[in-house]
Structures are given as C-alpha cells and as structure tokens.
Amino acid sequence: MEADSLALAATAPPSHTGVILIPKIPHLEFCLACRELVPEFRDRKPNALVQVAVLDAHEQGIIAYACTEVVEGTRDPLFLTGVSLSPDWPVYEESLIKLSVYDVKDKSHQTSSFLGSASFSVADLLKSKDQQLSLSLRTADDSAAVGTVVVCRLKMGEIEDGEVDHIAADTHQKCTLVCESGTTNDKDNGPLMNAVFKNPVCKVYRFQTVDSKLMLVREQMAECTLSFSIPMQLLGLFIQEDSCRIQDLNDLGELSPHWDNLRRDVITRYSQLIKTYQDTLAELEKLTGPAFKPSCSKAQKYLEFIPINLHTQRMRVTCPRKTDSFYDVITVGAPAAHFQGFKNGGLQKLLSRYEAEKKSYSTAYQCIYYSPENTAKAREILSTVAQLQPLICGLADRLLLATQQRSSHTLRDALKSLAEKTEQFVHALKDELVKSALLALHAARPGYVSKSQMSSQPEAHSTPTQNQSQILNPNQTPEPDAVVCNNVAGSQSPPKRENPPPPKRQDIPHHKEYDEEEWDRVWANVAKSLNCVIAMVDRLQEQDNNKQESTPDQALADVITSHNPATDWRDQLSPLVVALKDCVSEVAERASKSMTFVLLQKASCSTPYGLQLQQRRDTVFSQALAALACGFVMRLYAGIEDKGFLRQLHSVGVVAQFESLLSTYSEEIGMLEDMEVGISDLQRVTFRITEAASDDPTNLQPTVTGRRDHYTVEVPLPLQAFQTLPDELRQGKLLQVIPVLFNVGINEQQTIAERFGDISLQERINQRNFDILEAYYKSLSTKVPLECLPCFQTQADVKELLETLGQNVVTKKRKNVEILWLAGAICRRLNGIRFTSCKSAKDRTSMSVTLEQCALLRDEHQLHKDYFVRALDCMRSRLAQGEGAQWDDPEAGSVANHKPASRHFYPIALLLVSSHLLVVWLILSLVFLLAKYQ
C-alpha cells in the first residue's frame, strides 16, 4: 500500500490544506552504510565512497544521481550524507537503484578503484522489514562478494527519541526518521514556493548531537524565476520612463536655438539608450532554460541586467522533542556592471568624479548647474505631480458623484480625501526650485528680453557677470521685496514678449526682474479653489439640515418647488469642481515643464558619459532588486503564519543584510563600489502584498511598478493566505526594506590590499551600514515588542551584539570576519533577510554559507564537536545529484550524466591565509613558472 501511494505521489496534483497547500517534497530519501568491505589490497583499509544511480523504468537508461562523502580508513563506513531524490523525479515501484562502492586512493586527483555494486528496487525497500535492506556487494564479474551495503529509508516526519552509542561503528542501528511526506508544516516545497522557486536540489545528512542522539539535516537549493522576470520588468519600466522623458522634452515648447540644440542632443542620446534597452529585452525574451545566469556569462552584454548565480538555500533541522528549525540564505554574485568593466573604477568613484566635473561641463555647454539634491528633488516633484494630478481629478469626480446620493457621510468622506490630496499637491510644489526653474525656462524662450533690457539696455550689458551668477544659482531665495499677489481674479497670462534677435548669455535676468506674481497666483488658485469647494459643500449641507428641521408643510412645499435636489447640488458644485481641476492641471503643466527643464540641464551637462553612468546604475540596480525581491518573497512565505513577524513587517519593515566577501584590491574594488551604490539604491524600493487573481503560478509572480526615484514590488498571495494577513497588509500598506551591506575581504588579494593597499572603502561601508542597522534596531525596539522576534538557544542580547559589532567595525584588525559573524547573527535575530555574495557566488560564498550552517548546528542544535569538521566536509563536497549536480557549483547546470566527484573545497583556514604563507606561495609559483618555461 505504501509503495502504491509513493508511486501515485509522483503524478498526483497537490491539494489544499489550510492556508498553505500540501508541499511536494522528495519522494524517497535514504541513508547508506557498509560492512566488512574487502579492499583491493588486503593490507590497507579502504577510503569508501558510494555512487548512486537510478534506472529509469521507461527510458531504460542508468543515470548517475548522487554519491556520498568519502569515509577514510575503515572497513565499516557509515555515511553522513544521504540520498534525496528530486521532487520532480518520477519514482515508481519498478524503479531500480544501483549502488557502486569505490575505494578512493587520491582525492586530489580523483583516482579510485571499483570494489563492488548492488541493486534494489523501490518496492524492495518499501516492503522490507523496518524499510531497511542489507545487500551483498559483488565484483564487476560477479565472481566474489566484497562486503555488504545497508540501505535505510529516511521518512520525513517524526524523529525517534533513542540514544546512539558508537555511531561511527554501529551500522546496525536504525536511521533517524524525519519529516513524513505530506506534512502541512513543511515549507520547503509548497505551491507558493513552487511558483517562484524552481528546480530544487536536496541533500540530507544525519549528525550526532552532544547527548548521543541523531539530528537530521536537509539542505535545499533552488533557482528563482525572479532572476529574469524582475530585470525584464525593470527594462520595460526604463524604456517607458525614458520615452516619457523624451515626450516631456518635446512638450517644453519652443526654445531658443541654443537650448533647442541641447534638447535635440539629449533626445538623441535618450533614444540610443532606449534602443539599447529594447534590444536587450528582446534578447532576454528569447531565452529558455535554467532560471539563473552562470558566472561564465557575467560579461555578456544582453545578460548584464541579470544577477549572477542567484539561488536560495534553506537548511531544515529536526532534533528529538524539538520543533523543526529553518535557516534561509540567498546567494548571489556581487551586483556589478561586469560587461562595462572596472578599468576606471566602480559607480561610487565614477559618480563622485562626474559630480566634480559637471560644473565645468555646465560652463562649456552653457547650461545651468543643479546640484544632485536639486535634480533628485526635480524627479521627486515630477513623480508627485504625475501621481497626484489624476488622483485629484478622480476624487473630484467622486465628490460630484456623492452629491447625487445626498448622503452627508459619503459627501464628507469624499471631500476629506480630496482636500488631503490637494493640500499634499500644493505643499509639494511650494519649493523655490520650481520658482527658479520657471525663471530659467522663461529666459530660454526664443526672443526673450529681460525687463532691465527693456528699461535700461546699457545697464543690463554692464553687469553680465552678476546676472549670470544669479541664474546659475537655483537655490537662491527671492529678494525680500518680491511681491506675492493673492488676487485670484488678476491676470494669469504671461507678459507680452518682444521679438528681438536671440538673447545672449548675459541677457538672463536677475530673479527680482522676473514677474513671480504670475506663478504665485496660479499656485494660490489651487488652494483658493479648494476652499470654494469646501465652502459650497458646507453651505449645501447646512441648507439640507435646515430643510429637515422645518415643519412638514414647509418641507412639502420645498419638495414641490424643487424639481431634483440632487441635480441642484451637482449643478451648484460642478463649476467649482471644474475650476479646481483646471487650476490643478495648469499648475501641474507648468511645474512639470520647469522640472523637465531642470533635468534637461543635468542631461546636457552629462556629456560625454552621463547616460553611460545611468546605464551602469540601472544595470547594478536591476541585479540588486532581483536578489532583494527573491529574498523578500522567500522570507514572506516562511513567515506567513508568524503574527509577530507580520506585525514587525508593517510596523517598521524588515532588514536585508548583504554579506560581501569582495577584496579591496584590483577590479574587485570596482565591484564593491558598484555594489555599494546598488544596495543603497534599494532604499527607493517598497513592497506591497496583494491578493492574487487565482492560484495559478503565473498569477503568483511579483510585479514591479514605478520610476527610477521609487519602485514598488507587488507580491500576490492566494486568497486563503491573503485573508489571514493583518488588516494593514490587506489594505495595501507599503512595506519598507532596510538594506545594509557589510564587507570583509578574505582571499589572498585582501592580504595584499591590507599590506600594501587601501581598505578605507571597506571601513567606510561597514561604519555607514552599522549606523543604519543601529537606527533600525532603535526604531524596532520602540514600535514592536521584543516577543515578536525569534528565540535562539544562544541567548545573546541583540543590543549587546550591536555594541560588539560597533567595536569591531572601528577596530583595526586584518580580515576581521567577526564583523560578518555578528552582522549575520543580528540579522537572524531581527527576522531579517540574509544574503551572501562574492564575485560569482561560488567558492567564497559556499565556504561562508556552509561554515555558518555548521556553526548554527553547533550553537543551536548541539552538534557533537567531533562531527563539526565531518559535517563541514559533507556540506562542502561536490556531489553529482542528478539534475542538481551543481549543488556547490550552480553553474554546472541541469546535467544528468556526471562522473562521481568527491573533490572538497579548501578548509576555511586557507581563506584566512597569513602573509607568510602568501610569500611562500608566491615563491613556489615563481619556481614553477621558471621550470615550466625552461
């Protein structure tokens, strides 16, 4: 019966249970041990390794699927690494599994000799007593027995509470049972996870604890569909935003020849950037295959927006009498513009150099220099106007619709919303930048003549320097004697222009020579129109109340004399609402043109490489956002039933801690500079949880909206999951993510940098992000009870950890990896999202992740000290695991046929190599090169 259910599980669709659908977990998992192995030479003990192959019953082919770690120097090895068949692997009763045992003679060269093999079917294992098989190992010619292999099925569910004595030698003891298939608490492969995370690869281990019991550990790594979907959505938004920018430039109207030439040049460059993005998007839409970009493709142009090796990794731990624990981490290559290279540095250096040179460019191109703060403010005002203007018009129409219902409550609510958004609109435009930009735009019109020219032409030419300096300073406030006219009925038409020859640079007027009353009147008309609407609504409601208080006879007479009270209300209010909408439209048009003119100055001054910097920044941001969206979705899915986490999420947001292992030497300096800017730009991103249209995976994909100054990622959830969320989340509250970056170089290049180079970049990054993390914790402490945070066995107070981290950040210590340890521990205790990065998310990243996992097993789950190194070696070994043969090297791709590989990563100590060992290594390398070329 159990065999039948296992076979059916391979094809049966998942069903609904509670909030989360029943997960599709690995169908079959088992552990291995050998007894009385006979090596090729009787005088030595073998170094045993078992290769596992699956015989596809339908394809009639043998596929190398997995192999264990190497257990050295024993005839009775017990392997800590188990076998976990992929969730997508079709397992049937008749499926055969072949076990081949090898004696590994030299791990570095992967030389081994075949000892023997044995085979069994899935039905044999499921129908056996205690689901355990003892199989005889036979030689290749089936002439002799060379030992016994023991197969024990691992059930995912409940763990047996029994002591284990002499685990290394006792191969008869029953294997630990963990996680029965179909438990609703399994979060590894629910339909939510399967919609976004693809091609999972599982590895299982059994380790001994300090109290002589067994824990079972499962690692699961998966690809993420957001690796491509988020960058492709961003490319579409970039194209849309830049196309709107071109349209805004065209809408500026007629400009003088000088400014018109600059505008045409900027439009040409924007068009080139749009064409580049369109070509890249077209190439990405053609791609099929794995949902990640391998590091060998990091310099390909059409893949530059895709993050490198973006994968999720989850470790699940089950111990006796304890709730299962989950530890998640996102691994990704450092967000950087690899295609553009790092010859001139990264974004941080290039942006600083660009801002320093922009003033000279503004003089050369006769542009007005605006500071980065002012250009950022101009983008913010444009975004606010584009958002609020249609919203105000919609609320105004809603107010008119409410008059037809004659409901006082509905009318008052509509008026309140309209007043709030209109006041927000007026406040956003109450900025001196708008006023100064209107002046600059007015002076850029063809045939413009200043008032001073009209009244006193010689005086205007006698002081060109003063006039030019005034217009070049957009932050200067108006003169005290500037007149502000509040006469709504006054003229709103611009001053009549003469038609002399095109003005020269010195003709730009002083601020006080420009008639500011026109803008003040137009701007003030919005508030005055709103006040008129409010007064009319109050008067209509007062009249309605008076009618209700009148005598019945008088009320009847009023009804007879009034044809349609609702129509009367609408007729009286409609002209005022139309006037308000017209005023808002006029102000929005003028403000948009003035801010577009500000951005025109920035784009004009950016020659020759301003838009190249924008493209580089877009590239880095795209990679960073894809990683962040992946981490947020994974953290949300894991904590969807955690009320404390959800409260923290909508109250103060969640921290996203990026751990970087880049060195501050050579081109990795440029990568780190790119990464710093990219992670900092993530502060412009918010998240919103929405209700999915259906449970179809295509409707569960996150979407991105917005512009470069602010993006919102919408994460849809199925109806059942969405209804369990707090009201704040269901109402669409924007959720903050606080990104922090900590970097410590750990390779040999960092040793050179610390000896002979400069590590100030790393020190500045760590100090700045420590301040951000400390501020977040203070905010969290005041708004969220500490009971909402997770509990750990090591009861280290977060405040104490922060103090220790602060001390380590300012301490001058080489390769101070304690910074990364403390930052990671704080992140996990704050319900944060963990990221680990190096150049390609391969060797250094996997070393860091596996070391952290073993440390968690030791500190939180009492891993036996004698098993720490073995556990580390097991997790770091590269195993050929069917479609997931790329476990530690994701770039291997989904390849079915792999040779058994037992190469281990170097120990972590070699990453922290001392300067003395480095010198020895350099000398030996030089000797080797000389010998080779002689």
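Predicted model: local features only at pLDDT ≥ 70, side-chain atom pairs only at ≥ 80, totals over all residues.

Reader: Where is Ala-823 found?

Author: Ala-823 sits in helix 24, which covers residues 818–829.

Reader: And what is Ala-823 in contact with, leaving aside its neighbours within four places in sequence?

Author: With those neighbours set aside, Ala-823 is in contact with Gln-657, Phe-742 and Leu-805.

Reader: Which loop holds Asp-142?

Author: Asp-142 is in the loop between strand 7 (132–138) and strand 8 (145–153). Asp-142, not a glycine either, has a positive phi of about 60°.

Reader: Let's zoom out. How many helices and strands does the chain have?

Author: The chain comes to 28 helices and 19 strands. Of its 934 residues, 54% are buried. Among contacts with a separation of 6 or more, 77% are between residues 24 or more positions apart.

Reader: Okay, strands next. Is strand 15 largely enclosed or open?

Author: Strand 15, residues 685–691, has five buried residues out of seven, so the rest of the structure largely encloses it.

Reader: Which strands does strand 15 pair with?

Author: Strand 15 pairs with strand 17 (residues 710–717) in the parallel sense, over seven bridges. Strand 15 also pairs with strand 18 (residues 735–743), this time in the antiparallel sense and over two bridges.

Reader: How many residues of strand 17 are buried?

Author: Six of the eight residues in strand 17 are buried, and the strand is mostly covered. Strand 17 also runs antiparallel to strand 16 (residues 703–707), with five bridges joining them. One of the bridge pairs is Gly-706 with Tyr-711 of strand 17. Strand 16 and strand 17 form a hairpin, with two residues between them.

Reader: Nice. Now a helix, please: what caps the N-terminal end of helix 17?

Author: Asp-642 does that for helix 17: one of its side-chain oxygens lies 3.1 Å from the backbone nitrogen of Gly-644. Following helix 17 is Gly-653, with a positive phi near 85°.

Reader: Which residues of helix 17 are buried, and what covers them?

Author: In helix 17 (residues 643–651), the buried residues are Gly-644, Phe-645, Leu-646, Gln-648, Leu-649 and His-650. Their cover includes helix 16, strand 14 (654–660), strand 15, helix 20 (727–730), strand 18 and helix 22 (760–783).

Reader: Changing topic: what volume does the second largest pocket have?

Author: The second largest pocket has a volume of about 810 Å³. Its lining has 29 residues, and the closest to its centre are Thr-375, Arg-379, Lys-602, Gln-614 and Arg-617.

Reader: Which helix supplies the largest share of the lining of the second largest pocket?

Author: That is helix 16, with seven residues. Helix 4 (226–250), helix 6 (347–364), helix 7 (372–405), helix 15 (565–605) and helix 16 (610–638) each supply at least two residues of that lining. By class, the lining has twelve nonpolar, six polar and eleven charged residues.

Reader: One last stop: what can you tell me about Asp-242?

Author: Asp-242 is a residue of helix 4. Asp-242 counts as buried because its relative accessibility is 1%. Its side chain makes a polar contact of 2.9 Å with the side chain of Arg-708. Leaving aside neighbours within four places in sequence, Asp-242 is in contact with Tyr-270, Leu-273, Ile-274, Tyr-277 and Arg-708.

Notes
Residues numbered from 1 in each chain as written. Heavy atoms only, no water. Buried < 20%, exposed > 50% of the residue type's maximum accessible area, 1.4 Å probe, protein only. Helix = DSSP H or I, 4+ residues; strand = E, 2+ residues; numbered from the N terminus. Pairing = 2+ DSSP bridges. 1 Å grid on protein atoms, 1.4 Å probe; cavity = no way out; pocket = protein on both sides within 12 Å on 5 of 7 lines; lining within 4 Å. Points joined across faces, edges and corners; volume = space filled by probe spheres on them. Nonpolar A, V, L, I, M, F, W, Y, C, P; charged D, E, K, R; others polar. Polar contact = N/O pair within 3.5 Å; in protein donor to acceptor, adjacent residues only side chain to side chain. Contact = heavy atoms within 4.5 Å.
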